[in-house]
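I opened my notebook with the viewer beside me. Here is what I looked up, in the order I got to it.

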Amino acid sequence: MADLPDASTSYELLARMALIRRFEEEAGRQYQRAKAGGFLHLAIGEEATIVGTTSVMREEDYLIGTYRTHGHAIARGTDPKRVMAELFGRVDGTSGGRGGSMHIFDAERRFMGGYGIVGGNLPIAAGLALSSDFKGEDAVTVCMFGDGASNAGNFGETMNLAALWSLPILFLVENNLYGMGTSVERHSAHTDLSKKAEGYGIPGRRIDGMDVTAVRESVAEGVRLAREERRPTLIEAFTYRYRGHSAADPEVYREREEVDEWRQKDPIESFARRCIDAGVLGERELQEVRDKAEATVLAAVEFAEASDEPPLDTLYENLYVLGEDEGWYAVDERSPEPHRGEHESEMPDAARELAEAGAAYAEQQDDGPRPNPATHGDAQEGTEPEVADEFKAAD
Ligand SMILES: Cc1ncc(C[n+]2csc(CCOP(=O)(O)OP(=O)(O)O)c2C)c(N)n1
Ligand SMILES: [Mg+2]
């Protein structure tokens with residue numbers, strides 16, 4: 001077991017975990033009250049993995065996660081008020097109320113989202129790490145994703161490029177044993193996920209994601225390897241979500257006893273007990289942590305409730321950015337000039353020009369009927385690839 005950190009660090013770790021727990025409980029409650037819309041994925045139970053990781057990252061490092069990331073943003077320092085306002089779809093939310101629960105984002109704190117596409121954050125993480133390298137920055141990218149995401153095709157693509165280009169990146173699998181209702185045994189041919197990137201040249205290790213000190217120790221080393229030696233590694237942290245996959249999950253795929261068993265290893269309770277036993281924190285401090293979390297979360301709800309809904313006429317804002325201009329733009333290269341899509345109906349000349357340009361373009365391309373791949377196949381005549389004898393089908 002990794003050593004306990006000093007008293008003030010231990011206090012901070014406990015306070016962060018308790019705040020995230022309380023925040024998510026409240027988010028669940030507000031969702032039931034229909035104050036928060038869209039989907040809601042809670043990470044209750046996974047706090048040690050989240051806080052352990054962010055607690056050893058530097059301010060300039062990037063973090064990118066999944067759709068289960070309210071806690072990740074808060075752990076990175078985003079104001080819980082703004083996270084709650086985002087859940088409520090209000091203007092003071094982290095994404096102006098446009099993203100909702102799955103798309104929390106805070107570029108200032110280098111928390112780069114918030115992605116609804118499983119595995120979609122992996123190549124983006126490689127891009128972030130590449131940009132740091134390109135700009136000569138010292139920043140490391142930490143990419144967190146689920147056990148289920150390790151089956152996505154871009155997992156392999158990302159691992160390959162990360163190893164090939166020696167990117168300053170750390171991959172962290174939050175293995176909560178399920179991808180929606182499918183257990184790891186049923187969704188992954190190889191269940192030791194720490195080995196899944198080895199073939200690409202990225203070594204991995206397994207850790208107890210319910211122990212915040214273990215997570216800190218491993219992530220600190222992974223981040224160091226990425227920063228100082230440009231060696232990407234992978235950590236598989238075992239953790240568990242107490243709640244269903246999302247707010248609408250009848251949980252028929254697991255037994256109540258299994259959930260109870262994991263609750264016994266609760267990351268917050270076990271860390272608090274350890275701190276008390278070692279005399280690092282006292283009961284008074286524990287109570288203070290709980291009270292502060294309660295007050296912060298209630299203030300966040302109040303703030304979110306008081307925040308305005310985005311005005312309807314801003315519906316098309318921030319959909320596209322072109323240079324300095326924001327909006328929803330037609331960026332077709334044949335377009336006379338970039339313009340807001342919703343203005344097209346008010347600019348008949350531009351629309352006609354665009355249509356004429358499109359027609360002229362199509363004419364240039366028109367060199368006879370296109371071959372139908374379904375009947376002709378993709379291979380062009382005379383360009384069939386050489387096939388070694390042993391791979392040729394026997395007649
Ligand atoms: C590309 C893609 N496929 C499927 C889905 C639907 N989906 C949403 S979450 C999820 C499970 C992912 O599980 P895991 O990666 O283990 O993350 P966890 O939810 O356990 O945190 C699936 C299949 C999706 N969002 N994106
Ligand atoms: Mg999972």
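How far from an oxygen atom of ligand 1 does a polar side-chain atom of Tyr67 lie? I get 2.7 Å. I'm using "polar contact" for a pair of N or O atoms within 3.5 Å; within protein, one must be able to donate a hydrogen and the other to accept it, and residues adjacent in sequence count only if both atoms are side-chain atoms.

Ground rules first. I have a predicted model here, where local features need pLDDT of at least 70 and side-chain atom pairs count only at pLDDT 80 or more, while totals for chains, interfaces and linings use all residues. Residues are numbered from 1 along each chain as its sequence is written, chains are lettered from A and ligands numbered from 1 in the order in which they are written, and side-chain values use heavy atoms, with hydrogens and water left out.

**Ligand 1**

I went back to the ligand for its backbone partners. A polar backbone atom of Gly148 sits 2.8 Å from an oxygen atom of ligand 1, and one of Val118 sits 3.0 Å from a nitrogen atom of ligand 1. On its own, ligand 1 exposes 580 Å², and the protein buries 70% of that (Shrake-Rupley areas, 1.4 Å probe; for residues, only the protein chains shown count as cover). I found 14 residues around ligand 1, and among those that come nearest are Arg68, Gly116 and Asn176 (near means a heavy atom within 4 Å).

**The magnesium ion**

Asn176 turned up again at ligand 2. I see the magnesium ion coordinated by Asp147 (OD), Asn176 (OD1) and Tyr178 (O), at 2.1 to 2.2 Å. Donors are N, O and S atoms within 2.8 Å of the metal (3.2 Å for Na, K and Ca), and water is not among the atoms, so the site may look incomplete. I noted the donor spacing in sequence as D-x28-N-x1-Y.

Are Asn176 and Tyr178 buried or exposed? Asn176 is buried at 5% relative accessible area, and Tyr178 is buried at 9%. Buried means under 20%, exposed over 50%, partly exposed in between (1.4 Å probe, protein chains only).

**Ser307**

Next I checked the loop between α11 (283–306) and β8 (320–322), where Ser307 is found. Helices (H or I, at least four residues) and strands (E, at least two) are DSSP runs, numbered from the N terminus. Ser307 is buried too, at 5%. Its side chain makes a polar contact of 2.7 Å with the side chain of Asp92. Leaving aside neighbours within four places in sequence, I have Ser307 in contact (heavy atoms within 4.5 Å) with Arg90, Val91 and Asp92.
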